[in-house]
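Here is a short briefing on one protein model. Look over the structure first, then read the points below.

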Amino acid sequence: MQRIEKTFAGRKLVIETGRMAKQAAGSALVTYGDTMVLATVTVSDNKSPLPFFPLTVEYREKTYAAGKIPGGFIKREGRPSDGEILSARIIDRSIRPLFPEGFQNEVQVFCYVISADQENDADVLALVATSYALQSSRTPWNGPIAGVRVGRLQGNWVLNPTFQQLEYSDMELVVAGGRDSILMVEGGALEVSEEDVVEALTVAQGGIKELIGYQDELLKAGPKVSKLEWVRAAQTEGLADKVKAVAETKIVEALNQKDKQTRVQAVELVKKQVAESFAADLPDNAKEIHGILGDLEYNSLRAQVLNTKKRVDGRATNEVRPISIDLGLLPRAHGSALFTRGQTQALVSVTLGTANDVQRLDSIDSPSETTKSFMLHYNFPPFSTGEVRPVRGTSRREIGHGNLAERALQGVLPEFADFPYTLRIVSDILESNGSSSMATVCGGSLAMMDAGVPIRGAVAGVAMGLIKEGKKYAILTDILGTEDHLGDMDFKVAGTKTGITSIQMDIKIEGLDLQIMKEALAQAKEGRLHILGEMDKALSAPRAELSTYAPRIVTLNINPEKIGDLIGPKGKTIRGIQDETGAELTVDDTGLVTIAAVGGEAMQRARQMVQAITAEPEIGATYEGTVKTTTAFGAFVEIMPGTEGLVHISELKHGRTDRTEDVVNKGDRVTVKLLDRDERGRLRLSMKALVPKPEGMPEEEPRPPRAEGDRPPREDGDRSRSRSGSGGGRSRR
């Protein structure tokens, strides 16, 4: 077993291998604090027949890692959660560019989170573990890499902040890279500047270099590993030149079609015709010819952009496609927008829900169940690209794109206390030709404003591309699907006029230097501001009124001691209010009551009923109540459900009263004023205080107080306290 122990960002970091999963091609166990991740790598001996590199990455969190048992009926881990899928995507996107071109053997990376201290996130540890497992295996791979999380607290940069620290951070970036370059960026922020992002990346690079140094040190101490021998398929001599002579001009012409479907069909037709022309003489080289034609398409597009600065649809490198916006298309949705940019189109809707609609999450990173009141769901059906393919649930890509757009909009939402709605955004991609996730951001922002959600500012997103050959490169704004497929980078940046709220970068080359990142961020800002200007023309601010079909929500605070009265035995009271009014009520442990109803009348009625049950008596206020009991010294009147006070016989009317029953009887409805509350919480009420004193009536002599032991016994006991016996001002629990 090999092991290295270091201190990284103030916490103990341990990397070891040779103790667990020894039959895998490579494995590594990384411990940080009390969080532990095991990464394994396996590789097939044979080349895959698939037309792409078959890399799969699995990331699974074991609930025993946090001392928990899975929820639900099955009581074992099932399909990966969205969080696990997002972590797997981070690893996949970071390691994929470093496999040698032409390598086709199947590779599987499996990461287990086997201990979670609920302070340190395991995803960046899994990147380090995966890197070392690949290095120490026989898999050919051009690593090492490492990953860190960067936060900023009160202006200070923090590497690998804890979950608790991230709650106070205005930025969260996960960055993966090699010794001198960036490979992957994923994160969100609260409207930070481009300069702040570059500074965060610089801080991340320092941490990455340190982690790579630890891996190098451990690798040198271990045994040398022989890498898997593989041979890239050789090309027939002279065949590439023959195919190029026939097809190059035709492919360039086919590529330069503005319409996506026309372009795709034209390129495929050229490939088919050229392949058929060689079929008779070279029947055994069909697959090789197809590969050569693909290389021609790849090189032709890149050469055109680098040499002429003109793209295949005729745009300049920094030009955004035409934008059209339609608002309020869906009459019953609470807000909707159809956002179209070129041949990418997103139909985005917003639904306003109540506190009962929150998503409940059970995670190993939190000691208890958490809730989520903002959700964005992204759907990418096959017809959006003119394809026919089976639909088998939500794909990893859909989860990743939805999370990116959700993070972009999260930073501009109003505080829940100011706008107590659960928000769900659904983006259905109807057409796709590049950057549908950024169309989702734009459409989501517009749909929320159409719904009347008071967001702090509109958010737009733009996808940037890169063509790089040696030292020559071109940065592309608002990339097409073709440019994404044949280019070197997919760099998505979303934000407001003020700053960046979300960022994601993937590359296909072995790293990117910070200078290109700076230029890409500056060009992305120009594109984002242009798109925001077009959005502003359609809708410049949130609508003043919510949709007629959206629930109206009000909140009020009640005494926590009154929660039991509001809920009632087995929920009977609160259910009764909901059944009678049609409103939806929730109450939390602090006494915050949320009332939601479609229609103001139902909400007002529910509010009155809640206040009647939970209101606290106010000295000087007037109440209408029912006489519950009469005694020789006065009457007990219930002024609120479960709350009674005493109208002393001297307070029934002006002048002397010999018998309580001469003025009131049990069951009478009377109006009283609350005069006082004594130190034991008992209420002193008065009827005569609400009636003018008759003219000429002499002043009344105060009655001497009756001694406690001289009170006559009553059939139902002493009612000078409330029904609960804990003071006249307290309610029944």
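In strand β19, K472 is the bridge partner of E469. This is a predicted model, in which local features need pLDDT of at least 70, side-chain atom pairs count only at pLDDT 80 or more, and totals for chains, interfaces and linings use all residues. Residues are numbered from 1 along each chain as its sequence is written, and side-chain values use heavy atoms, with hydrogens and water left out.

**Strand β18 and its partners**
- Strands are DSSP runs of E with at least two residues, helices are runs of H or I with at least four, and both are numbered from the N terminus.
- Two strands pair if DSSP finds at least two bridges between them.
- β18 and β19 (residues 472–477) pair in the antiparallel sense over six bridges.
- Their hairpin has two residues between the strands, and G470 there takes a positive phi near 65 degrees.
- Seven bridges join β18 to strand β20 (residues 489–495), and the two run antiparallel.
- G465 stands opposite D490 in β20.
- β18 (residues 460–469) has eight of its ten residues buried, so it is largely enclosed by the rest of the structure.
- Buried means under 20% relative accessible area, exposed over 50%, and partly exposed in between (1.4 Å probe, protein chains only).

**Barrel**
- Five strands close into a barrel in the order β25-β26-β27-β29-β28, with mixed pairing.
- The twist averages 50 degrees from one strand to the next; axes are lines fitted to C-alpha atoms, for helices over the stretch in contact, and angles run from 0 to 180 degrees between N-to-C directions.
- β25 (residues 622–631) pairs with β26 (residues 634–640) in the antiparallel sense over five bridges.
- T629 stands opposite F636 in β26.

**Nonpolar cores**
- A nonpolar core is a set of buried Ala, Val, Leu, Ile, Met, Phe, Trp, Tyr and Cys residues joined through side-chain atoms within 4.5 Å.
- The largest has 157 residues, and I95, M448 and F491 have the most contacts inside it.
- Helix α4 (residues 194–221) gives the most to this core, with ten residues.
- Apart from it lies another core of 18 residues, among them V554 and V610.

**Helix α11**
- Q515 lies in helix α11 (residues 514–538).
- Q515 counts as partly exposed because its relative accessibility is 44%.

**Confidence**
- pLDDT is the predictor's confidence in each residue, from 0 to 100.
- The protein averages a pLDDT of 90, and 95% of the residues score at least 70.
- Over residues 705–733, pLDDT stays under 50.
- Where pLDDT is low, the predicted coordinates should not be read in detail.

How values were computed. Contact means heavy atoms within 4.5 Å.
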